[in-house]
Amino acid sequence: MSETNQDAKRRKTVARHGILSSPSVGGQIARFVAVALAVVLVAGVGVVGYTTYTAVADFSESAVELEGQESVPPDIGEIEGGVNLFVAGTDACEPEYAGYFGDRCSGPDAGGELNDVNMLVHISDEPRRVTVISFPRDLMIPIPECTDPDTGRTTSAMTKQPLNSTFSYGGLACAVKTISALTGQNIPFAASVTWGGVIEITNAIGGVEVCIANGIKDYHTGLDLPAGNISLQGLEALQFLRTRHGVGNGGDLGRISNQQQYMSKLARKLVSEQVLSNPATLFGLATTALSNITPSQSLRNPLTLTQIALAVKNVPFDEIVFIQYPVNGDPADSNKVVPNYTAADALWAALETNRPLQLTGKASQGDGVIVETPAPTDPAAPTEPTDAATSGAPVTPAEEAIALPSAITGSTAAQDTCSNGNG
């Protein structure tokens, strides 16, 4: 059967790979590594430069083979061309943490592992930009044929299943294969982290401060937070990332916005003096991250991890964009969503141009966050001249941004957002 124009458009690949250039690893490697960790949330794949041999060996041993994705050979310079990395957060009931999660790990439905957080991190070609696209766990999409890496059992392709079921069919490789088929993007790198991994990594960095507009109360996760700026660590940080009943409209889309606020604040802390000037914190974060992450085999080489970190070393916060994959309600189930292919096609087309993205929609499709309005500036106040103005150098005009459809919601790491709690 010949593919339709719509299918062909979806299969158009944004990421392109060129010849890798020779390197120059400067003294700012700590910042490079920190930003790499920030853009993949808790995956931590960029911190390998600070790990011990044992941590790297353990990280490599657990690596997962991906299917059908074009590989990128390691080199000693930053990756050239665009590149995609998939990150999954899973609800594995690890023995040392299972007691925190009640019926999920001890009730009649206990067992298995679901990918409840699914993010595609797109790092563009020069000029570097980072776009983090979150896919709802309840997104109903086709699932390709997948093989369980533990049992060797192959599951036939399915026309419509929830995204978070892919781990039960074939683990990380199946999740990557599904997102690649949905988006048409080549995804050469991937990593997953469990609930327990989130707890340990957040502790290693010393907590992340988030803003809560109205307070959050969620008896499902046990989260009870007042309004204000709250520093979250360990289990409480995980509860914040998991809560859906405590924010926005109580659905998964609101929770995604909560997670994106956390990522923005995490990015800021990682490049702050609290982390960069503290070698003990950096080393602890690196070893903890690599001890709690399952990578793809393409990420086993420490050199590859450094290449990814170098690629995002100078990306400004306003060019780190967090987006919710556009969806519509599922006519067959009010608790599920289906892809909004028209808006999604506009997103992939915009990424291919590698121009700044202009968000025209709300910060959250599920009303999970509120964007804080910055204080107005005084037009009469004097401004500092730029280096270009004082040196007489020509000023490069800003690139024209591409306006995304209003159905695509999100925010940037430069924006201040607060969780829209139910309290």
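This is a predicted model: local features need pLDDT of at least 70, side-chain atom pairs count only at pLDDT 80 or more; totals for chains, interfaces and linings use all residues.
Numbering runs from 1 along each chain as its sequence is written, and side-chain values use heavy atoms, with hydrogens and water left out. A pocket here is an open set of points on a 1 Å grid over the protein atoms alone, where a 1.4 Å probe fits, with protein on both sides within 12 Å along at least five of seven lines; lining residues have an atom within 4 Å of a point.

The second largest pocket holds about 480 Å³ (the space filled by probe spheres set on the points, which are joined across faces, edges and corners). Two or more lining residues each come from α5 (166-183), β8, α6 and β13 (293-295), with α5 giving the most, 5 residues. Helices (H or I, at least four residues) and strands (E, at least two) are DSSP runs numbered from the N terminus. By class, this lining has 7 nonpolar, 12 polar and 5 charged residues (Ala, Val, Leu, Ile, Met, Phe, Trp, Tyr, Cys and Pro are nonpolar; Asp, Glu, Lys and Arg charged; the others, Gly among them, polar).

As for the largest pocket, its volume is about 800 Å³. Among its 35 lining residues, Arg104, Asp116, Arg137, Trp195 and Arg242 sit closest to the centre.
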